[in-house]
Amino acid sequence: MIISRRQFLTYCTASAALLGLDWSGLKTLEKALAASNGPTVVWLSGTACTGCTVSLANRFAAVDPVTDVGDLLINYINLAYHSTLMGAAGDQAVASLKTATAGKFILAVEGGIPTAFGGNTCTVYYDRGKAVTALSAVQSLASRSLANLAIGTCASFGGMAAAKPNPTGVKSLAAATGKPVINIPGCPTHPDWVVGSIALLLSGQAPALDAYGRPAVFFDGAGHNVHEQCPRNGMTEVASFGQVGCLKGLGCHGPETQADCPSRQWNHNTNWCVGANSVCLGCTEKGFPDAFSPFYKR
Ligand code: SF4
Ligand code: SF4
């Protein structure tokens, strides 16, 4: 299953206004995607549940029956390495990674980075029989990449992987590498946030970031506060689930959470957490989950 270059450009064009891309940025993006070898993205997984990969795959699978995210990324973004989506394995996969990272590449990291025990609790691949840890891989690659993307809350802030007691010393990509990182949080992250951020990078327009390193176009300001956008804002607080009303008394963290979920929604604009009668858990915020627990109040 493949999508055409035109289909992807149509998607990007439709998203251009939302992303704040001007005409020159859109043309630069078109040129980058039209390059025969395509822009290269290397995707590593640290301590992760792979939910962000699943979320990304769902987005494109839902757009069109003939659309497949693996084809999109491999054909148009040149996903040179992704342990879940790539066909290669073992030495062949490692060779692909080395070839890709010898040139210009964007590093995308899903999951937190274990730092205790010399990082030896998380091996990302073997190179000539020697284990390469997530820690050593990201420290090496993040210093040579065009840009570093932290995919999901674990890579952005530690997230679930760094929840107490965190015996493996999981850290965010930025903390583990000391390098500049674009944080694209969410548990999982929204596929539009990932694709939109990559599109902005390829357009030559570095995304403006908020105080937590998140692309402002998706996370910053009053227009992106979950509570302020929530259609239940102003409704009477309900005392139990299953009723339509404000869920603040039940533990909703919408007021402390920045993300455009109420307007963007999930699963191809199907619904979002509060729309499904769940509280907002604050999954895009630094400190999630510990600072937002317990998730539900009696
Ligand atoms: S349900 Fe949550 S996000 Fe919606 S109005 Fe109430 S507190 Fe705010
Ligand atoms: S509504 Fe809240 S918990 Fe749900 S995805 Fe958005 S930020 Fe995360």
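1. Ala, Val, Leu, Ile, Met, Phe, Trp, Tyr, Cys and Pro are taken as nonpolar, Asp, Glu, Lys and Arg as charged, and the others, Gly among them, as polar.

2. This is a predicted model, in which local features need pLDDT of at least 70 and side-chain atom pairs count only at pLDDT 80 or more, while totals for chains, interfaces and linings use all residues. Residues are numbered from 1 along each chain as its sequence is written, and chains are lettered from A and ligands numbered from 1 in the order in which they are written.

3. Ligand 1 has 13 residues around it, and the closest are H227, C230, C246, C252 and G254. By class they are 8 nonpolar, 3 polar and 2 charged.

4. Confidence needs a look. Mean pLDDT (the predictor's confidence in each residue, from 0 to 100) is 86 for the protein chain, and 80% of its residues reach 70 or more. Over residues 62–71 pLDDT stays under 50. Where pLDDT is low, the predicted coordinates should not be read in detail.

5. The protein chain has 12 helices and 9 strands. These are DSSP runs, numbered from the N terminus: helices are H or I with at least four residues, strands E with at least two. Of the 298 residues, 45% are buried, meaning that 20 or more other C-beta atoms, placed from the backbone, lie within 10 Å of their own; 12 or fewer is exposed, and in between is partly exposed.

6. Helix α6 (residues 134–141) buries A134, L135, A137, V138 and L141. Seen down the axis, these fall within an arc of 165°, so they line one face of α6. The arc is taken over directions from the helix axis to the C-beta atoms.

7. Strands β5 (residues 123–127) and β6 (residues 130–133) run antiparallel, joined by 4 bridges; pairing requires at least two DSSP bridges. Y126 sits opposite A131. The hairpin has 2 residues between its strands, and R128 in the turn has a positive phi of about 50°.

8. The C187 to P188 peptide bond is cis, omega about 5°, and P188 is in the loop between β9 and α9. F288 to P289 is also cis, with omega near 5°. Q265, not a glycine, has a positive phi of about 60°. N277, not a glycine either, has a positive phi of about 65°.

Note on methods
A residue is near a molecule or strand if its C-beta atom, placed from the backbone, lies within 6 Å of it. Two residues are in contact if their C-beta atoms, placed from the backbone, lie within 7 Å.
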